[in-house]
Amino acid sequence: MKRRSFMKMIPVAGTAGIFNPVTFEGYLPNPGIADPSDRAYWVNLLMRISEPVIKNIANNTLKKVMPVEKAAGYRGNPAEVAYLEAFGRTVAGLAPWLTLADDATQEGKLRKRMRADTLQGITNAVDPATPDYLNFRTQAQHMVDAAYLCHALLRAPEALWVPLDNTTKTRLITELKQLRRVRHAYNNWVLFDAMVETFLLYNDEDYIPMRIDLAIQKMQEWYQGDGWYSDGPGLAIDYYNGYVIHSMLTDILQIYSSKGKIKKEEYDQALKRMQRYSFLLERMIAPDGTYPVIGRSMIYRIAAFQPLAQLALNHQLPEGLTPGQVRCALTAVMKKLYEAPGTFDKNGWLQFGVCGYQPQTADYYHTTGSLYMSSLGFLPLGLPASDEFWTAPKTEWTSQKVWSGKPIKGDYHVTY
């Protein structure tokens, strides 16, 4: 049986993009074909999530067409934050894929277009004369999503920062520096301050060392052991170690140490802690691809597994985890999360929920834009198709082995 091209494009009336926004049919691998390419599945799912945001901001239509739902109990005007939320978070996960070289494959052509649209989106986002000029200036929340945008640019500087014109760079730097006005919660938010300042440092701009030093110090104080940081002084059993803490902290420390501001051993220690946490994350994935739904911000879906995805991208998986088993485990999770009816609305925008549309799962600070944290689970797409992560044969992950009676190694508490 001949496999249908996974990049088949279907024109769609409306504004959501070039793919069918309602179902997977027509652009994902044919579900009737055995073992469709996992990479094809990931690329198409990332496109389905990200293209409505990226294409529209490139066309200056994001504010015009993006729906803005707010959670029960939301205070204020969600339109003041939702668009920067959607853009900053989307690009943070999309960025590694955009670093790959152009080629003549269907994926390569798609990636080239998405890179151009992302660059245009950044330009529009900071140009006060455009309809999609984004608000960095009225809410504390802007610090969060500016930090995700900075993280994206640090993940792909040659693809997303260097090509920008000087006016756009200056405008973005200005927006970032004015965020120093923000007073925020005493928790993972210290890392958002630090990420913005780290981006400024990386680009040889004036930066405030205290904002980075404080974040590093507090995360050391908040480390609870066995790979877990508390989110502030008190431990919360949720996925903020995945959504924010490990990935931002290790990248901040890597850059800070490369600039000679701290000893490399501080980065090495944080990396070991991230590896331990990711080892545990993999074990949380059940044989059918489900995982414990706990804590706040559960609507961020696959972003809970960002540390595992980042370690795979960087070829830093902990001992005991192979690229093939991580790919298969994450693919199974994606299918559970994103194939449920109601995950996307009729125009292709993400909706509140974990499995389908479940508005009661949103927290009081969530808008539609918040959901685009989902992109953070797709970081391994920054690896070329020839990488072992994609070429390794399908492999059982830990819980599949356990619950089918196969041998696995024991697990023990570690201290770093």
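**Exercise 1. Is Arg 211 buried or exposed?**

Solution. This is a predicted model.
- Step 1: locate the residue. Arg 211 sits in helix H9.
- Step 2: take its relative accessibility, which is 16%.
- Step 3: compare with the cut-off. Buried means under 20% relative accessible area. Arg 211 therefore counts as buried.

**Exercise 2. Find what surrounds Arg 211.**

Solution. 
- Step 1: set aside the neighbours within four places in sequence. Arg 211 is then in contact with Met 143, Arg 180, Val 190, Asp 193, Ala 194 and Glu 197.
- Step 2: look for a polar contact between side chains. One of 3.2 Å joins Arg 211 and Asp 193.

**Exercise 3. Describe the place of Leu 337.**

Solution. 
- Step 1: find the element. Leu 337 belongs to helix H13, residues 323-338.
- Step 2: check its accessibility. The relative accessible area is 4%, so Leu 337 is buried.
- Step 3: list the contacts, leaving aside neighbours within four places in sequence. They are Tyr 291, Arg 301, Ile 302, Thr 343 and Val 354.
- Step 4: look along the chain. Gly 356 is 19 residues apart from Leu 337, yet their C-alpha atoms are separated by 7.5 Å.

**Exercise 4. Examine two residues with positive phi, Asp 204 and Ser 297.**

Solution. 
- Step 1: recall the background. Most residues other than glycine have a negative phi.
- Step 2: read the angles. Asp 204 is not a glycine, but its phi is positive, about 60°. Ser 297 also has a positive phi, near 60°.
- Step 3: Asp 204 lies in the loop between H8 and helix H9 (209-221). Ser 297 lies in the loop between H11 and helix H12 (306-313).
- Step 4: Exposed means over 50% relative accessible area. Asp 204 has 65% relative accessibility, so it counts as exposed. Ser 297 has a relative accessible area of 0%, so it is buried.

**Exercise 5. Which helix gives the most to the lining of the largest pocket?**

Solution. 
- Step 1: start with the volume. The largest pocket has about 580 Å³.
- Step 2: turn to the lining. It holds 27 residues, and those nearest the centre are Tyr 74, Gln 141, Trp 189, Tyr 364 and Tyr 365.
- Step 3: list the helices that each supply at least two lining residues. These are H3 (82-98), H5 (141-155), H8 (189-202) and H10 (240-258).
- Step 4: H5 gives the most, with 3 residues.
- Step 5: sort the lining by type. It divides into 14 nonpolar, 8 polar and 5 charged residues.

Technical notes:
Residues are numbered from 1 along each chain as its sequence is written. This is a predicted model: local features need pLDDT of at least 70, side-chain atom pairs count only at pLDDT 80 or more; totals for chains, interfaces and linings use all residues. Side-chain values use heavy atoms; hydrogens and water are left out. On a 1 Å grid over the protein atoms alone, a cavity is a set of points where a 1.4 Å probe fits but cannot get out, and a pocket is an open set with protein on both sides within 12 Å along at least five of seven lines; lining residues have an atom within 4 Å of a point. Grid points are joined across faces, edges and corners, and a volume is the space filled by probe spheres set on the points. Helices (H or I, at least four residues) and strands (E, at least two) are DSSP runs, numbered from the N terminus. Ala, Val, Leu, Ile, Met, Phe, Trp, Tyr, Cys and Pro count as nonpolar, Asp, Glu, Lys and Arg as charged, and the others, Gly among them, as polar. Buried means under 20% relative accessible area, exposed over 50%, partly exposed in between (1.4 Å probe, protein chains only). A polar contact is a pair of N or O atoms within 3.5 Å; within protein, one must be able to donate a hydrogen and the other to accept it, and residues adjacent in sequence count only if both atoms are side-chain atoms. Contact means heavy atoms within 4.5 Å.
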